[in-house]
Amino acid sequence: MTLPEAAGFFLAFLARLITGAQGHWFGCPPKAEQRIYFANHQSHFDWVLIWAALPGDLRAVTRPIAARDYWTSSPLKHWITREIFNAVYVNRQRTEDQDPLEPLVEALGHGDSLVIFPEGTRGNKGDPQPFKSGLYHLAEQFPSVQLIPAWIDNVQRVMPKGEVVPVPILCSVTFGAPLQLQPGEDKRAFLERAREAVMALRSVR
Amino acid sequence: MGALRHLTISQQVGLLFLGLFGALAIVTIVQVSRSLRDLPPEQQQMHERFMRDLRAVWWGAVLFWVSWALGAVVATLLFGVVSFVAFREFITLTQTRRADHRGLLLAFFFVLPFQFILAGSQHLDLFTVFIPVYVFFAIPVLSALGNDPMRFLERTAKIQWGIMVCIYGMSHAPALLLLDLPRYEEHGAFLVFYLVVVVATAQIVQEIASRRLRRRPVARAISRSFSWRAWLIGAAGAAFVGALLYWATPFKPIPALVMGLIAGGSGTMGEFVMKALKRDAGVRSWGGKLSVTGAVGLLDRVAPLCFSAPVFFHAVRWYFGV
């Protein structure tokens with residue numbers, strides 16, 4: 001076992017110890033198909049939680065998105081995101097000649113699965129904010145990739161904004177049924193439908 | 001049965017395991033063979049509940065075996081882990097706010113390990129007062145520093161209560177393990193065993209009794225099966241089994257009977273209280289089924305032990321004057 005593998009194993013164990021990281025596969029089974037998981041975003045812990053809730057063999061092919069300026073700023077941060085999570089780096093500042101979605105398109109082209117938080121930023125509790133359009137463009141370009149909505153419950157209690165140490169509280173991730181972009185569907189309508197699909201999972205028990 | 005006292009410790013333990021696991025195996029086989037037949041739905045439900053209780057008893061028995069086989073340090077650690085998982089579930093079920101974050105960190109990462117270290121190192125004086133006195137003051141101070149007056153008393157009271165039950169109560173089980181009693185050195189594991197068996201007996205007997213008797217429940221809104229008579233029968237069953245086990249304990253038969261009554265009675269009361277708590281938190285399913293955030297239902301299984309361990313512990317200390 002290599003060091004990054006061991007570190008990943010330890011991180012997943014830690015996440016399970018602290019949050020339980022229960023994955024409820026409500027609308028689809030955990031299968032090794034190419035997928036885009038999209039979820040509500042409340043805490044820095046969200047990604048680790050989804051990652052730990054996935055079965056071991058899916059973790060290796062499922063990649064997070066990381067902001068390049070922040071997650072490459074120190075050697076440790078860079079090592080964690082590159083070696084353990086195999087993150088896809090994106091630039092937050094939009095430049096004239098580059099499409100911010102380009103790294104994501106490239107990763108999907110390789111056959112990797114992605115986890116994205118379409119709100120773009122961490123919200124407070126309550127309903128998720130309106131989704132950014134990235135999800136729509138990816139769905140348009142990769143019609144064969146499954147779009148899986150996911151609801152992360154309780155995580156804002158584990159690590160509220162501004163705190164560093166997580167408190168042990170049980171969390172769960174509920175995965176819903178795959179979503180499809182309808183032919184000719186309007187961008188705004190699709191994003192609203194995706195947002196509702198995520199929120200609908202809140203009441204699934 | 002007094003002759004058994006003359007056997008060496010390991011022989012006695014061997015006998016205990018033979019009896020315990022043998023009895024459990026017989027009950028399990030009978031129950032499993034019953035489940036092969038077609039039962040009416042009502043009985044089916046009761047049967048499932050009984051199987052769940054039985055599984056809890058198996059867990060208790062295995063826990064005891066591990067704690068005896070691997071020594072007191074491992075046993076203390078094991079109870080510490082169980083306490084951690086139970087407290088995590090408790091906090092998940094209660095409403096805390098952001099301002100409680102620091103207090104919860106203190107509870108999880110300092111109070112819990114420290115309490116079990118105190119139990120393991122036999123600092124019984126500090127062990128007894130650490131949580132009721134010092135932590136009682138520290139937690140609300142931290143919560144108040146969080147600068148949020150919203151439902152302040154309610155929040156701190158809930159955290160306090162959770163610490164008392166899940167950490168303080170649970171830590172008395174390993175403390176029993178290490179209790180030094182006159183002419184009873186190295187026998188602590190038997191006391192824990194006695195406690196676990198007696199409490200489990202009380203639960204099972206009460207369950208069966210309430211099914212047979214169909215008395216009017218005392219508090220229908222909380223539990224539809226809890227009645228005074230069933231509770232008494234459960235406690236009496238615990239007392240009877242406790243008296244049968246007297247040779248494994250430092251007690252004479254009559255005190256063993258009384259101790260069984262105390263431990264069993266308080267254990268089933270603890271279960272009843274935990275039911276009220278879960279009702280309050282809006283959890284309808286009991287045990288096994290997934291709830292709010294996938295809380296797996298360990299809390300209701302260890303609740304009887306958490307409630308009866310301190311009562312039993314101090315009864316033993318008072319009886320022997322140590």
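Guide: In this predicted model, contact means heavy atoms within 4.5 Å.

Visitor: With which residues is I163(B) in contact, leaving aside its neighbours within four places in sequence?

Guide: I163(B) belongs to the largest nonpolar core, where I163(B), F87(B) and F312(B) touch the most other members. Once neighbours within four places in sequence are set aside, the contacts of I163(B) are F87(B), A107(B), V111(B), I131(B), V135(B), I139(B) and Y168(B).

Visitor: Which strands stand at the edges of the open sheet in chain A?

Guide: The sheet of 7 strands has mixed pairing and the order β1-β7-β6-β2-β5-β3-β4. Each edge strand has a single partner, so one side of it is left without a neighbour in the sheet; these strands are β1 (22–25) and β4 (88–90) of chain A.

Visitor: Which residue of β5(A) is the bridge partner of Y37(A)?

Guide: Strands β2 (residues 35–39) and β5 (residues 113–116) of chain A run parallel and are joined by 3 bridges. In β5(A), the bridge partner of Y37(A) is V115(A).

Visitor: What angle does the direction of helix α7 of chain A make with that of β2(A)?

Guide: Helix α7 (residues 134–141) of chain A packs on the sheet, touching β2, β5 and β6 (146–153). Its direction makes an angle with that of β2(A) of about 165°.

Visitor: Is L147(A) buried or exposed?

Guide: L147(A) lies in strand β6 of chain A. Leaving out residues up to four places away in sequence, L147(A) touches I36(A), F38(A), L135(A), A139(A), A177(A), P178(A), L179(A) and F190(A). Residues under 20% relative accessible area count as buried. Because the relative accessibility of L147(A) is 4%, this residue is buried.

Visitor: Which residues form the salt bridge across the interface of chain B and chain A?

Guide: At this interface, 20 residues of chain B are in contact with 24 residues of chain A. The buried area is about 1800 Å², of which carbon and sulfur atoms give 57%. The rule finds 1 salt bridge across the interface. Its closest N and O atoms are 3.2 Å apart, and the residues are R102(B) and E163(A).

Conventions: Residues are numbered from 1 along each chain as its sequence is written. Chains are lettered from A and ligands numbered from 1 in the order in which they are written. This is a predicted model: local features need pLDDT of at least 70, side-chain atom pairs count only at pLDDT 80 or more; totals for chains, interfaces and linings use all residues. Side-chain values use heavy atoms; hydrogens and water are left out. Two strands pair if DSSP finds at least two bridges between them. Helices (H or I, at least four residues) and strands (E, at least two) are DSSP runs, numbered from the N terminus. Axes are lines fitted to C-alpha atoms, for helices over the stretch in contact, and angles run from 0 to 180 degrees between N-to-C directions. A nonpolar core is a set of buried Ala, Val, Leu, Ile, Met, Phe, Trp, Tyr and Cys residues joined through side-chain atoms within 4.5 Å. Buried means under 20% relative accessible area, exposed over 50%, partly exposed in between (1.4 Å probe, protein chains only). Buried area is the accessible area (1.4 Å probe) that two parts lose on being put together, summed over both. A salt bridge is a side-chain nitrogen of Lys or Arg within 4 Å of a carboxyl oxygen of Asp or Glu.
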